[in-house]
Amino acid sequence: MTKASDLAPSYDLVVIGGGPAGLAAAALAARAGLTTVLFDENPGVGGQIYRAITFSPVKDRAVLGEDYWAGAELAAEAKASGALIVTGATVWSLDPTRLVGVSIAGQARLIEAKRVIIATGSLERPFPVPGWTLPGVMSAGGAQTVLKAQGLVPNGKTVLAGGGPLMWLLAAQILRAGGKIDAVLDTTPRKNWLRALAHLPDFVLSPYFAKGLKLLREVRAKVRVIRVDRLEAVGDDKLREVVFGKGDNERRMPADLLLLHQGVVPNVNLALAAGVAHAWNERQLCFEPVLDEDFNSSVPGISVAGDGAGIAGGTAAAERGRIAAIAAVRALKPEASVPDLQIVRQKLQREAMGRAFLDWLNRPADSFRQPEGDTIVCRCEEVTARQVRDTADLGCEGPNQMKAFLRCGMGPCQGRLRGLTVTELIAAQRGTTPAEVGYYRLRPPVKPITLSELASLPIAEAERKAVER
Amino acid sequence: MFKRLAETGAAVAITVDGRQIAARAGDTVAAALIAAGIDHCRTTPVSGAPRAPYCLMGVCFECLVTVDGVGSRQGCLVPVRDGMAVETQTGKREAGR
């Protein structure tokens, strides 16, 4: 296990996040001769898509599928490349001078980097429905995480709700693992087809088409799929039933576990704290960093690759990581040999095919992104949709000002699980756009650290003299 | 809510609020709680409502627990270790902890 004290004071390249983008970037850069370190806060590499790829207890390869196991090659390449890969390493700070604050097993260090690739991936879009804070309600990604990493399969009365490729994939994986699903509640509006249709030809030619159809057939053959436009988790101290409906029709179903998913959005916290400029993406309904074709951000020397650069999926993430790494190598070691950039770009372009169709088809309904009434928006501070809307009506113009009214966004998650909901609610209430409303102003530390971790930072002689008299 | 596909991985003994539970090597604290059928891991500082792990990928901070005396650790990011003492968190943090 690498300790904080084993780290060099500076590296050519620091890669933050060990999913497909980070692994591919670190492997390419290290092989080209850059001193490279990759930090990931999880116990193993792989990110979410290849979670626990090096130690998954799920041995039957059919359960998670071949697309999952493809990640093993990426992990092996990164390991063999000579890059230093440190898991259990939490990056809590990154500034525009590329000073990286990292904490490993309670010991913190500040590391200088000539280049930084942020590969912090995506997180699930918030799904604020009544009762979503009850024990027994989990994100679908969470259930997939414990399936991949610990081999845990739902075994009570289980309901999946939402939409998007990941929900269907999880449903299929649970069924293959011998789990039972009582119902899939599909929340995607049928009218999405209108916008999606124009992109159907591209989608049909993409690899997603055959895979998607197969998944849908596999799940529909075994599970009842019900289209709904209302959804509620009901219980006292934990989930007891799921209430759902369409139009005037309302139904109740007893449940032990409700798994929610309505797509993924870039995890922007670290990039925002580093000062990287972001913009609103209206098709994907999220903020994403403003990047050039090499994935360089507005901050010199800092690039963002993978789904953190805008949602494009796991295989695209690896190609994006390679492009960002080639840019880093060219900047620092122009004589080193690197793969042909044009070939990587072509692969990336192929991966992008079909994405527009998927985005439009799975676009979550307004009612599931912009809740009303007593539905909790801010899980940490327990702030409701009504409070957010009322505060916007009072004249509050943005999420940062709203902190002073409601503490919304000031809890431990630092807005990760509600930022988009708050921005969209304020925009809806004030009749403006999310781009205009903006997002939280994020500052380091972007992950909580203890005082003792801060105190463990090495102190230079000059720093000591600055405070000692 | 969940069952293990296979009892793989060496047994790891941890305690939760003093009660011994059987975890497996490769578990995170949050996964071990879920596998043991513990339905909530904390009550909230605002209303005291029970909460359980939600995202399991370090984003939501719902799985905050006290691990070996250190409060508000993200249970989904901490691997279990033999002899680890996990405590669920109750409402507002108590003074002096």
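Helices (H or I, at least four residues) and strands (E, at least two) are DSSP runs, numbered from the N terminus. This is a predicted model: local features need pLDDT of at least 70, side-chain atom pairs count only at pLDDT 80 or more, and totals for chains, interfaces and linings use all residues. Residues are numbered from 1 along each chain as its sequence is written, chains are lettered from A and ligands numbered from 1 in the order in which they are written, and side-chain values use heavy atoms, with hydrogens and water left out.

**Exercise 1. Describe the packing of α1(A) against α11(A).**

Step 1. Two packed helices are described by the angle between their axes and the distance between the axes. Axes are lines fitted to C-alpha atoms, for helices over the stretch in contact; angles run from 0 to 180 degrees between N-to-C directions.
Step 2. For α1(A) (residues 20-31) and α11(A) (residues 314-332), the angle is about 35° and the axes are 7 Å apart.
Step 3. Find the contacts (heavy atoms within 4.5 Å). On α1(A) they include A21(A), A25(A) and L28(A); on α11(A) they include G314(A), G321(A) and R322(A).
Step 4. Sort the contact residues: 11 are nonpolar, two polar and one charged. Here Ala, Val, Leu, Ile, Met, Phe, Trp, Tyr, Cys and Pro count as nonpolar, Asp, Glu, Lys and Arg as charged, and the others, Gly among them, as polar.

**Exercise 2. Is D12(A) buried or exposed?**

Step 1. D12(A) counts as buried because its relative accessibility is 14%.
Step 2. List its contacts, leaving aside neighbours within four places in sequence. They include G33(A), K114(A), R115(A) and L332(A).

**Exercise 3. In what order do the five strands of the open sheet run?**

Step 1. Two strands pair if DSSP finds at least two bridges between them.
Step 2. The order is β8-β16-β10-β11-β12 in chain A, with parallel pairing.
Step 3. β8(A) (137-139) and β12(A) (225-227) are the edge strands, each pairing on one side only. The twist averages 25° from one strand to the next.
Step 4. Check one pair: β11(A) (residues 183-186) and β12(A) are joined by three bridges. D186(A) stands opposite R227(A) in β12(A).

Note on methods:
Buried < 20%, exposed > 50% of the residue type's maximum accessible area, 1.4 Å probe, protein only.
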